[in-house]
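Open the model in your viewer and keep the selection panel at hand. The tour goes through two contacts, one after the other.

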Amino acid sequence: MIDFNIHRFRNVAEWSLINSKGTLIKKFFGIYFTLFFFMMFFSRVGGDGDVVPVLTTVMGSVFLVISGGAIVGNMKTKQQRISYMMLPGSTLEKFAANYLMVTVGSILLLAVGIVAADVSQWLLNSAIDRTVSNSYIIDALWHSNSNLVIKGDRMTLGEAILILYFWGHSLYMVGGALIRKHACLVTTAIIFAVTTCLSIVAVWIGGKLCDYGYAVYFYDSALTNILTDLGFFVVILFNYYLSYRIMGRIQVINNKWINL
Amino acid sequence: MIEINHVAFNYPGSSHHVYDDLTLNLQENCIYGLLGKNGMGKSTLLYLIAGLLRTKGGNIIVDGKDMKNRDPEALRDIFIVPEEYEMPNVSMKQLVSMHKMFYPNFSEDVLYKCLMDFEISRNVNLKELSMGQKKKVYMSVALASGTRYLLMDEPTNGLDIPSKSLFRKVIAQNMREDQTIIISTHQVHDVESMLDHIIVLDNGQILLDTSTVNITDHYCFSYRQPGELDGVVYKESSLQGYITMSERKSGDEETQLNLELLFNALTRERITLKL
């Protein structure tokens with residue numbers, strides 16, 4: 001039975017936000033200082049300012065994807081688990097509150113971190129030497145790439161990024177819910193191992209097909225794009241459902257390395 | 001009412017069976033003492049009742065709701081005070097509002113009265129509390145939440161001697177009339193005067209499940225000299241001779257329950273009470 005009450009959900013989300021305040025602040029400063037360091041380094045020492053937007057995008061994307069691993073980040077210790085599990089809210093409400101935290105929360109955190117780092121480097125550079133001061137955000141917006149817009153029947157870069165983000169994020173959510181210790185690290189290792197194995201198998205199968213005289217084509221049509229999107233959508237939904245079910249099965253004391 | 005029906009349980013990743021077939025009914029409006037030595041499954045039982053652990057067999061029904069479902073309505077009526085507790089990094093005002101959102105019967109009056117009884121200022125800085133003070137604040141919040149069931153795991157651990165008596169006073173003065181409190185402890189002396197009902201657990205088995213009135217109706221607890229040990233069921237030597245537990249005969253005056261002696265009689269000598 002689906003039990004979701006919007007009023008209770010709001011309370012759970014508020015409770016979760018208040019309790020995660022410390023972690024959010026730590027994450028913010030982590031993002032802020034890392035980006036500030038790189039921005040300062042490349043603007044003053046490295047000299048090549050074009051690296052910064054690329055580096056920020058890569059680091060931000062990695063942060064957003066692996067933040068899915070923190071889906072039960074507010075249930076790490078026994079006391080945290082007791083507090084959260086005893087809250088009078090359904091598992092779905094608690095899951096949704098945590099989901100908001102690792103999606104919208106992470107995006108906001110990253111955005112605020114980038115802006116704060118950019119403003120700080122701009123102010124500091126202005127104070128040191130006005131000739132090298134500029135805002136990376138303004139520069140990036142000024143030279144924004146229109147390829148990121150989703151249009152027509154082609155799978156655009158933006159669409160692919162969105163799919164990859166949600167897919168990776170959902171995988172980390174499953175890993176985060178399932179694995180008790182060092183969830184992000186273990187999930188990364190598993191994803192790496194599985195991807196490597198699948199790639200080897202795919203190349204081997206492709207090679208075998210070619211050996212038997214078959215030709216391998218990659219169709220780029222509206223239908224294949226829709227089917228690809230649909231396939232990813234189903235997998236992403238399944239991963240979300242899996243992490244929700246695992247979260248519902250978490251027990252306050254568990255000696256195993258997985259939450260089952 | 002809490003119904004524990006044929007519960008079997010072992011911790012995930014452990015082959016040790018904490019419970020094989022535990023059946024127990026806990027009535028309303030009572031203070032239950034869940035007693036047992038360390039590692040006998042007292043805290044486990046509290047966690048099972050609260051739905052924090054999943055049974056391997058059987059079920060636990062609280063007011064008609066199976067706790068394995070972690071139903072919000074059922075959770076609204078249960079509050080657990082764990083043995084150790086970390087305060088969230090918030091002010092007292094925020095702590096109050098955080099609990100008010102979830103517990104419709106939350107009473108600030110009760111909270112501040114409990115804090116006053118525990119000799120803690122209502123404007124206390126939660127970050128600067130000792131473990132014992134945190135426990136007092138959390139117990140106050142628990143009582144103020146006004147849930148029908150209050151589960152307390154080793155509530156007197158970490159409290160100094162004056163605070164233990166304050167604890168009894170706070171519970172007696174601030175518990176709701178329709179409230180059921182289950183206190184799990186191995187420090188039996190700290191809670192003996194406040195219990196209505198006693199459950200003694202040993203290796204997942206129930207050694208005793210009865211009311212304190214029933215015990216004092218059938219047994220006497222008194223000091224005796226070495227020559228006066230007729231009819232004694234269990235005795236321990238003390239500075240005044242022996243402290244004894246004996247069957248109460250007609251005409252004997254009712255004595256105050258000595259829970260520690262009773263507990264030792266049950267767990268050390270495996271005495272079966274005739275109730």
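Select domain 1 and domain 2 of chain B: between them there are 3 residue pairs in polar contact, both residues at pLDDT 80 or more. The count of salt bridges between these two domains is 0. The model is a predicted one. Domain 1 of chain B brings 12 residues to the contact, and domain 2 of chain B brings 9. About 970 Å² is buried between the two domains of chain B, with 71% of that area from carbon and sulfur atoms.

Next, colour Val188(B), Glu192(B) and Ile198(B), which together supply 48% of the area that domain 1 of chain B buries against domain 2 of chain B. Then show strand E9 of chain B, residues 197-202; this strand gives 4 residues, the largest share of the side of domain 1 that touches domain 2. That side of domain 1 of chain B has 5 nonpolar, 3 polar and 4 charged residues.

Now bring in chain A. Here 30 residues of chain B are in contact with 31 residues of chain A, and the two chains bury about 2,800 Å² between them. Select Arg54(B), Arg70(B) and Phe102(B): they supply 24% of the area that chain B buries against chain A.

How many salt bridges cross the interface of chain B and chain A? The rule finds 1. Zoom in on Arg8(A) and Glu73(B), which form a salt bridge with their closest N and O atoms 3.7 Å apart.

Notes
Residues are numbered from 1 along each chain as its sequence is written. Chains are lettered from A and ligands numbered from 1 in the order in which they are written. This is a predicted model: local features need pLDDT of at least 70, side-chain atom pairs count only at pLDDT 80 or more; totals for chains, interfaces and linings use all residues. Side-chain values use heavy atoms; hydrogens and water are left out. Contact means heavy atoms within 4.5 Å. Buried area is the accessible area (1.4 Å probe) that two parts lose on being put together, summed over both. A salt bridge is a side-chain nitrogen of Lys or Arg within 4 Å of a carboxyl oxygen of Asp or Glu. A polar contact is a pair of N or O atoms within 3.5 Å; within protein, one must be able to donate a hydrogen and the other to accept it, and residues adjacent in sequence count only if both atoms are side-chain atoms. Helices (H or I, at least four residues) and strands (E, at least two) are DSSP runs, numbered from the N terminus. Ala, Val, Leu, Ile, Met, Phe, Trp, Tyr, Cys and Pro count as nonpolar, Asp, Glu, Lys and Arg as charged, and the others, Gly among them, as polar.
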